[in-house]
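Student: Could you walk me through some charged side chains in this protein? I'd like to know how they pair up and how open they are to the surroundings.

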There are 2 protein chains.
Amino acid sequence: MLAKVNEDLLKERKHCDFNVLELTNYLDGGRKATEDRRKLEARVLKTKGLQDDIPEEYLSHKEKYENAIRKAVTYYRVIKETADPNQSDEERAMSSYRSLLPSAVFKDMSPFRLHYSMFMPAIIGQADEEQKKYWLKRAVNFEIIGTYAQTELGHGTFIRGLETRATYDPKTEEFVLHSPTLTSYKWWPGSLAHTANYCVVMAHLFIKGKSCGIQPFMVQLRDEETHLPLPGIKLGEIGAKLGFNTVNNGFLGFEHHRIKRDRMLMKNSQVLRDGTFIKSPNNKLAYGTMVYVRVIIVYGMSNQLARSATIAVRYSAVRRQSPLKPDEPEPQILDYVTQQHKLFIAIASSHAIRLIAQWLWDLYTKVNNDLKLGNTSDLPELHALACCLKAVTTADTATMVERCRMSCGGHGYMLSSNLPQIYGLVTAACTYEGENTVLMLQTARSLVKAWDWAATGMPLGPTMSYLKDKNTGLERWENTIDGIIRGFRKVAVGKISSAVSSLKKYTKRGLSPEDAWNMSSVQLVAAAEAHCRAVILSTYKSEVEKTTTSLSEPLRRVLHQLVELYCIYWALEKLGDLLLFTSISERDVQQLQSTYEGLLGKIRPNAVGLVDAFDFRDEILNSTLGVSDGRVYERLMEEALKSPLNAEPVNQSFHKYLKPFMQGKL
Amino acid sequence: MLAKVNEDLLKERKHCDFNVLELTNYLDGGRKATEDRRKLEARVLKTKGLQDDIPEEYLSHKEKYENAIRKAVTYYRVIKETADPNQSDEERAMSSYRSLLPSAVFKDMSPFRLHYSMFMPAIIGQADEEQKKYWLKRAVNFEIIGTYAQTELGHGTFIRGLETRATYDPKTEEFVLHSPTLTSYKWWPGSLAHTANYCVVMAHLFIKGKSCGIQPFMVQLRDEETHLPLPGIKLGEIGAKLGFNTVNNGFLGFEHHRIKRDRMLMKNSQVLRDGTFIKSPNNKLAYGTMVYVRVIIVYGMSNQLARSATIAVRYSAVRRQSPLKPDEPEPQILDYVTQQHKLFIAIASSHAIRLIAQWLWDLYTKVNNDLKLGNTSDLPELHALACCLKAVTTADTATMVERCRMSCGGHGYMLSSNLPQIYGLVTAACTYEGENTVLMLQTARSLVKAWDWAATGMPLGPTMSYLKDKNTGLERWENTIDGIIRGFRKVAVGKISSAVSSLKKYTKRGLSPEDAWNMSSVQLVAAAEAHCRAVILSTYKSEVEKTTTSLSEPLRRVLHQLVELYCIYWALEKLGDLLLFTSISERDVQQLQSTYEGLLGKIRPNAVGLVDAFDFRDEILNSTLGVSDGRVYERLMEEALKSPLNAEPVNQSFHKYLKPFMQGKL
């Protein structure tokens, strides 16, 4: 029996005034890309052994892990089988990172995630050619499963503070790895606890008592036959977390564990047999991998936000609540303007972040090619951009995913909605790969430097060149997208200027430059955010203009509405800044508010079409509230009935505890 | 062996310049209150049977419930034993709701929570004297365990839309309870699934085919001996959630289930034997219970925020990260001004919200006494206040708890920090007992009404009387606490005025009043928030002034610093509003920013003292990061080692899946 589609959803789809498939193709990057993605999804999702008997949320922590391993071997077998035979090992290692397929399979996270996201990239970025050839082949073919261990129990952000030691012994031509303290234990790496048998370990290298900085080492953790930890290696699981519970985060300690000299990854620095240390020619090279990982994170945010918006918008089209007018039926909650205010910005943000990620990726590729030619001049700007874009997009996504969840009322609190889990995953991105406040301060440092350069007439990179236009802010405000973008640039100029003044004020009072920096850091973070908003707004607008020229008129109109919505939303959100640093008037503000309310009304009829175009299969949404047929209440009940607590009418605890208690016998 | 206290924490405690116990007494409401609380905590927490063998986060959903029931019977036996014999049943029913002891025992939530928070209050508020006497006695003595069922799968906010029917049959003098649709199933009540055997059910009463509104019914759900659901009653569990997983939320459906006439709770409306319906004389009476529940929620927010701040501040005093200056050791992260900015506002907010809750409670008590004398005039203002205060304090708390969590970096993501769980509990409060946006719009409705009254010269309640001062905002701005409070009132006036103009604009364009309301609702919510902020700021300030006169000078100074911090924080946060509606200048803003940075520095040496004064036992914090001895890393490792995954060096999944996979045999 085919399930009927909810009437309200049918109606929404009928009233959508653009071609949904055209938008899907646009988002995928072409018709062929959509077709390929759909084919792979269909193939993977029909594979036997990838389904759960009991929904994951009812399992114990241990069972969740075991269940994920069961599915992982099946999933990655399919990935291996479907790999393009013409791809090099390196291409295979770097492919498929943008897919949400693993979400559909693992619900939470793949226990092999670090193998792809960190282990293989570390080999590519840090192993010499011979090492790379050997290790990458083994890794790509899953002969070994690897992870990457940098963070320690007591050390995160500050790499040079890592305590794990690698002491070179020239007699045996070995490194001795050792964890001198509890705080030196590696802590956090995914797959590390029980899954990986190899690991790239970052450790402080000492040769003949002399520090040679933090270096990468390929360390075998477990015997390939028995999987037992090798002697001198202590491994374990770090415990349950808000999310990522199937990713198997672990700890790792060394007790004078010896590895051969050729296990140091020697692309950058080298240690010769006799202990001679050859330093890496350029310490900026490591930025490359960091930027790569951050681009991937920004992509992921766009995807997760699209998923959340899909769930919340579909549910809001189905849910009816509280009559607007006395004698009328309860409306779809999507008709409430407060609900539109919460949801449509999530759709627009997903588009914006996706285009930003693509743009950042192109920039990364360009700078990477320049690097190969020995040109590192654009690296600092790219680094500053990647820092603030990672921080701002993860923070925005977390806020908006949570708003999507709460817009679904109580039902959004249920794990079967999948919204709490998505939040768990995106909020983690605010912390990993560079804590957001730390990253914002790195961007701020570049901005302050650029500010000084601008004063002396030195050239600035393209994303910072606007810093030279130190206008007074008295120029006439314009209530247009371009006017808003110009306004945000003025805000950035104003905030950087204020932060620089604050630095000067504190140094004048006798503070050291470091203390002045610290005292001004709240303002510096605000300045970096202002810069980042200006970049995002202008890039979103220009990328939409660039990429939509061949689209049909109705679709272009909708995409431009989203750009306008996004710009006005942020103008109203950051009104204080605009009022301080531009000539926007109260009347302008009222007009923006009115235009914003009008835009919500224009987008309303296309809202379901917009989220349908993200083209998530129900398995990838994995949400009772987001199902494409809109049969929300049936799904909620179906999922509830899968709870093992519902297998018996009376739980054993009644006889053991409740009854004696109520009868006063306990 | 006594564990040593972390050196940094010792140093912090030595440098605190006020008397911590004096602050604890102040927060508890007197020395005796502190002593009583400590005694009860000591007694409960040493009770055998209240400890966990395995930390809750490692258990399956079903095991969590069974474990909670095991502890519940022990815990509530102690509560029964320690009850004051002079208390009436009603006093016993309403006592102990402010304690965080259940958090220490259940980690998540007590499976009897609804028995106290809803079932007994419903009996007190809705049963007639005879019913009350009978049911309350049984409930207080735990002869029965009850819950309260209102929300349905398809119906939340709009009470009149509830579908569950109670049809009176005068022949048998029974009500027939029936759930006509899937969406009419009761959904969400805690304890409902497998714990409670009685329930107050809200159902739509029909007599002789005529609707008599939504009425409360006492329904027996399960046989007292066998605990089996009675015939015609379908019960089950709704599944896993973001939090509250041991509270046993359930669903409930009726199939023409019959109950006797005397099972309708008849304090307000009555049904006579022959089916004559006597309507409640005042439909505003139900507001009372709602306000009561919301006051309790506001209290809870203050407690949970204090807990989170304690965890994050202590951890920040212990954690050292990234040198500020090249050749100095890594500082305590509490020395970073960005960290102080995240944390100190959480301490101040906990104080503010606690005083607001106390103030709202006093107001509630006063209005309730007036009600008994037949005076309902203050009820609308109290209702409007309780709506926005619940909404704003829950939203602020959720934001700040999450900021505390993220300020602890990766470790804050671990469940052993307890911060994710606290977030799960507080974010739920944004939705339950009135969804926040809905509540804000209710307050907005009162404000718009008050605005009209003010225009016609009618008197306004004390918290709204400032609406009459429709000054132009050109009055000189003053950078003082009082100046900020006046500023916030002007903002509220400005925003309400704008929202009212917007309503007029849309009706002029031909929209119905309802559609104009909907179109303006984003602005109306903002207006209600502005009003609420003005109330909170002024109340926080005046309550601190009122309650601290007998305190020592050092403590008063610290408490006033928190008030100042709170006011300036919100001024800077809502700068756009102040710039729009007051005469604050750019120079004023810079000065406020500078004062704010100075205040962070003044509070810094007392930060640990301030959170120590919240006086949470380690069992109540239940956090590896918040332990009072600061031995954070030892606790993280100890807790990790409790993970059942760490019981074996090689997980069974290696032999079953990983090995064959890596060897290409799968």
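Student: So is K366(A) buried or exposed, or something in between?

Tutor: K366(A) has 41% relative accessibility, so it counts as partly exposed, where buried means under 20% relative accessible area, exposed over 50% and partly exposed in between, with a 1.4 Å probe and protein chains only. This is a predicted model, in which local features need pLDDT of at least 70 and side-chain atom pairs count only at pLDDT 80 or more, while totals for chains, interfaces and linings use all residues. Side-chain values use heavy atoms, without hydrogens and water, residues are numbered from 1 along each chain as its sequence is written, and chains are lettered from A and ligands numbered from 1 in the order in which they are written.

Student: Which side chains does K366(A) meet in salt bridges?

Tutor: One is D370(A), at 3.2 Å from N to O, and another is D378(A), at 3.1 Å; a salt bridge here is a side-chain nitrogen of Lys or Arg within 4 Å of a carboxyl oxygen of Asp or Glu.

Student: Where do D370(A) and K366(A) sit?

Tutor: They are 4 residues apart in helix α10 (residues 337–372) of chain A, which means about one helical turn separates them; helices are DSSP runs of H or I with at least four residues, numbered from the N terminus. D370(A), at 17% relative accessibility, counts as buried, whereas D378(A), at 28%, counts as partly exposed.

Student: New topic: how many salt bridges are there over all chains?

Tutor: The count comes to 94, and D28(A), R37(A), R38(A), E41(A) and D615(A) are linked in a network of them.

Definitions and conventions:
Helices (H or I, at least four residues) and strands (E, at least two) are DSSP runs, numbered from the N terminus.
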